[in-house]
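Work through these exercises with the structure open beside you. Try each task before you read its solution.

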Amino acid sequence: MSKEKIILGIDPGTTIMGFGLIKIVGKQMQFMQLNELQLKKYDDHYLKLKLIFERTVELIDTYHPDEIAIEAPFFGKNVQSMLKLGRAQGVAMAAGLSREVPITEYSPKKIKMAITGNGNASKEQVAKMLQSVLQLKELPKNLDSTDGLAAAVCHFYNQGKVNVGKSYTGWAAFVKQNEARIKK
């Protein structure tokens, strides 16, 4: 009997949080779902963070993922945007950690490379490749959900490889791996 595993992939954001779920049966990947949490209509940044936390916990409690793969914020020119993305990612990670689900973080480049073979691929190229690999009938209008799905697929492709990204199995592991930053 082959072991099943569910991976939740998250593309954190304060405007749209994209997510996707895949099931691994043996060495085969099966599409479960992709969707997004729309946050545009909310002005209060703290309310958005609360909603990200609650939706992530709801996904965990509903689908019982064995692991979470999350896209790391990338450094752009706007420091405020980076800070907001980091908060969104942190809240999603906290939700996973609160349910003791192991989390692995991947850079956008690493995810794109795993899916398309090109670390500079566009969102559209990533979505089209996922559509082909997972036999999705159609793609969503916004590609944030396919970015979340891409994180899950990237995690599947990187299973068993050494140094895949930053991984946390719980609060203690998170604190231990980030002691230098915490003490500053």
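The model is predicted, so local features need pLDDT of at least 70 and side-chain atom pairs count only at pLDDT 80 or more, while totals for chains, interfaces and linings use all residues. Residues are numbered from 1 along each chain as its sequence is written, and side-chain values use heavy atoms, with hydrogens and water left out.

**Exercise 1. The overall plan**

Task: State how many helices and strands the protein has, and in what order the elements run.

Solution. Start with the definition: helices (H or I, at least four residues) and strands (E, at least two) are DSSP runs, numbered from the N terminus. The protein has seven helices and six strands. Read from the N terminus, the order is β-β-β-α-β-α-β-α-α-α-β-α-α. Next, take burial: buried means under 20% relative accessible area, exposed over 50%, and partly exposed in between (1.4 Å probe, protein chains only). Of the 184 residues, 46% are buried. Last, take contacts, meaning heavy atoms within 4.5 Å. Among contacts between residues at least 6 apart in sequence, 62% join residues at least 24 apart.

**Exercise 2. Helix 4 against helix 5**

Task: Describe how the axes of helix 4 and helix 5 cross.

Solution. Axes are lines fitted to C-alpha atoms, for helices over the stretch in contact, and angles run from 0 to 180 degrees between N-to-C directions. Helix 4 covers residues 123-134 and helix 5 covers residues 144-157. Their axes come within 10 Å and cross at roughly 60°. Therefore helix 4 is oblique to helix 5. The cut-offs are these: under 35 degrees is roughly parallel, over 145 roughly antiparallel, 65 to 115 roughly perpendicular, and the rest oblique. Now find the residues. Helix 4 uses Lys123, Val126, Ala127, Leu130, Val133 and Leu134, and helix 5 uses Asp144, Thr146, Asp147, Leu149, Ala150, Val153 and Tyr157. Sorted by class, this contact of helix 4 with helix 5 has nine nonpolar, one polar and three charged residues. (Ala, Val, Leu, Ile, Met, Phe, Trp, Tyr, Cys and Pro count as nonpolar, Asp, Glu, Lys and Arg as charged, and the others, Gly among them, as polar.)

**Exercise 3. Helix 3 against helix 4**

Task: Find the angle between helix 3 and helix 4, and list the residues that meet.

Solution. Helix 3 (residues 108-116) packs on helix 4 at about 40°, with the axes 9 Å apart. So helix 3 is oblique to helix 4. From helix 3 come Lys112, Ile115 and Thr116; they meet Gln125, Val126, Met129 and Leu130 of helix 4. By class, the contact of helix 3 with helix 4 has four nonpolar, two polar and one charged residues.

**Exercise 4. Leucine 130**

Task: Decide whether leucine 130 is buried or exposed, and name its contacts.

Solution. Leucine 130 lies in helix 4. Its relative accessible area is 1%, so leucine 130 is buried. Leave aside neighbours within four places in sequence: leucine 130 then contacts Ile115, Gln135, Leu136, Thr146, Leu149, Ala150 and Val153. Phenylalanine 31 is 99 residues from leucine 130 in sequence, yet the C-alpha to C-alpha distance is 9.7 Å.

**Exercise 5. An aromatic pair**

Task: Describe the pair formed by phenylalanine 156 and tyrosine 157.

Solution. Rings of Phe, Tyr and Trp (its six-membered ring) pair if their centres lie within 6.5 Å; planes under 30 degrees apart are stacked, over 60 edge-to-face, and the rest tilted. The count by this rule is one aromatic pair. Phenylalanine 156 and tyrosine 157 form a tilted pair, 5.8 Å centre to centre with 45° between the planes. Phenylalanine 156 has 18% relative accessibility, so it is buried. Tyrosine 157 has 32%, so tyrosine 157 is partly exposed.
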